[in-house]
Amino acid sequence: MRNIRMSLKGFWKAARAGFMTQLVVISALVFTTEMCTLIHNPITTVIFLITPFTLGLMFVCFTLSPFVSSTINTYRLSRHAIEIPTPNEIKALARAMGINRKFKVKIVPNLFNAFATRSTIGLGTKLLDVTNIDEGRSVVAHELDHLKRANQILLVRILSILPVLIVSIGLSNSTVVTLPWVSAETIGIVGTITIYLAIFAYSLLATMPSNWIFELRADKTAKTFAGEQSTIEMLRKLDKKGNPNENSITHPSINSRIKQLQSENNHRNIISNLSSNIVSSIKGMKHAFNVY
Ligand SMILES: [Zn+2]
């Protein structure tokens, strides 16, 4: 019994933490949903009710719930944000970066992070508590780069989601055949939930490359305006889970970001780092499963 509990715990830990697991679940969810809605017969309908729906639930546990809870957490904390008069150093930095429009600076109590919208940069107090002046400058330069490119980021996001949505309209209009022993309503409800989860999973996957590119660009800007060493130190401090090799849907791993900053020939290094990252993630997963 104890062993089963340990194995389940190990499986949960490995699966939840693993970026590769998330990618596999998302790809399998999209592929099986697509297959089951394209081929209409009772067998694919049964498969549809079991496989993609199970993958959909896994997607909710592994990717969607951590993603939504961190977004809600940032939103909840930023409701208590305090707007401060923009410090002269930040004004000068923005001017040097070619930002000519007005923006707000907000301090967010209890947040261990920083964020940018089109018109605001938010700096968490918990992050500011652990950064020195140069590292803080690096955080601000990174966020100002996002603020500067806000329109570009939005456009690229829309363009990357658009093909997904066009494919999805066909997907959500397709009908799945009825089964004699399952009510049409059940098939309808399970099918609709699965299709929407698949569409959302697909959209996350489609925006991942551009998310990563914008993060790496913002890091490069931070390096230019705050120096390589303080940007690297700042990134190391951001790694609160102690897992510098772990990628996410929104950010490349801390180590990939650091290696980009250390290298002269950026592109080639990023690609070779990411591929060696994926290989080490697979090895890590194998190890996690063998241990338990
Ligand atoms: Zn960023």
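The following conversation goes through the predicted model of this protein.

Q: What does the secondary structure of the protein come to?
A: The predicted model has 11 helices and four strands.

Q: And how many residues are there, and what share of them count as buried?
A: The protein has 292 residues, and 30% of them count as buried.

Q: Among contacts between residues at least 6 apart in sequence, what percentage join residues at least 24 apart?
A: For the protein, that figure is 68%.

Q: Turning to the sheet, what is the strand order?
A: The four strands form an open sheet in the order β1-β2-β4-β3, and the pairing is mixed. β1 (82-84) and β3 (114-116) are the edge strands, each of them pairing on one side only. From one strand to the next, the twist averages 25°.

Q: Do β3 and β4 run parallel or antiparallel, and how many bridges join them?
A: β3 and β4 (residues 120-124) run antiparallel and are joined by three bridges. The two strands form a hairpin, with three residues between them.

Q: Which residues are the bridge partners there?
A: Ala-114 has Leu-123 of β4 as its bridge partner. Ala-116 stands opposite Ile-121, which also belongs to β4.

Q: In what sense does β2 pair with β4?
A: β2 (residues 104-108) pairs with β4 in the parallel sense, over five bridges. Within that strand pair, Val-105 has Ile-121 of β4 as its bridge partner.

Q: Is β4 mostly covered or mostly open?
A: β4 is mostly covered, as four of its five residues are buried.

Q: Which helix lies across β3 and β4?
A: Helix α6 (residues 133-148) lies across both strands, and α6 runs at about 25° to β3.

Q: Is Asn-110 buried or exposed, and why?
A: Asn-110 counts as exposed because it has 11 C-beta neighbours inside 10 Å, and a residue with 12 or fewer is classed that way.

Q: Changing topic, where is Arg-149?
A: Arg-149 is found in the loop between α6 and α7 (150-173). Arg-149 has 17 C-beta neighbours inside 10 Å, so this residue counts as partly exposed.

Q: How far apart are Arg-149 and Ala-218?
A: They are 69 residues apart in sequence, while their C-alpha atoms are 9.4 Å apart in space.

Q: Now the helices: at what angle do α8 and α10 cross?
A: The axes of α8 (residues 184-226) and α10 (residues 254-262) cross at roughly 50° and come within 10 Å. The two helices are therefore oblique to each other, and α8 passes α10 in a right-handed crossing.

Q: Which residues meet in that contact?
A: Leu-216, Asp-219 and Lys-223 of α8 meet Arg-257, Gln-260 and Leu-261 of α10. By class, the contact of α8 with α10 has two nonpolar residues, one polar residue and three charged residues.

Q: Which residues make the contact of α8 with α9?
A: On the α8 side they are Asp-219, Ala-222, Lys-223 and Ala-226, and on the α9 side they are Glu-228, Ser-230 and Thr-231. By class, this contact of α8 with α9 has two nonpolar, two polar and three charged residues.

Q: Which residues of α9 are buried?
A: In α9, the buried residues are Ser-230, Thr-231, Ile-232, Met-234, Leu-235 and Leu-238.

Q: What do those buried residues of α9 pack against?
A: The buried residues of α9 pack against α6, α8 and α10.

Conventions:
Residues are numbered from 1 along each chain as its sequence is written. This is a predicted model: local features need pLDDT of at least 70, side-chain atom pairs count only at pLDDT 80 or more; totals for chains, interfaces and linings use all residues. A residue is buried if 20 or more other C-beta atoms lie within 10 Å of its own, exposed if 12 or fewer, and partly exposed in between; C-beta atoms are placed from the backbone. Two residues are in contact if their C-beta atoms, placed from the backbone, lie within 7 Å. Axes are lines fitted to C-alpha atoms, for helices over the stretch in contact, and angles run from 0 to 180 degrees between N-to-C directions. Angles under 35 degrees count as roughly parallel, over 145 as roughly antiparallel, 65 to 115 as roughly perpendicular and the rest as oblique. A crossing is left-handed if the near helix is turned anticlockwise from the far one by less than a right angle, and right-handed if clockwise. Ala, Val, Leu, Ile, Met, Phe, Trp, Tyr, Cys and Pro count as nonpolar, Asp, Glu, Lys and Arg as charged, and the others, Gly among them, as polar. Two strands pair if DSSP finds at least two bridges between them.
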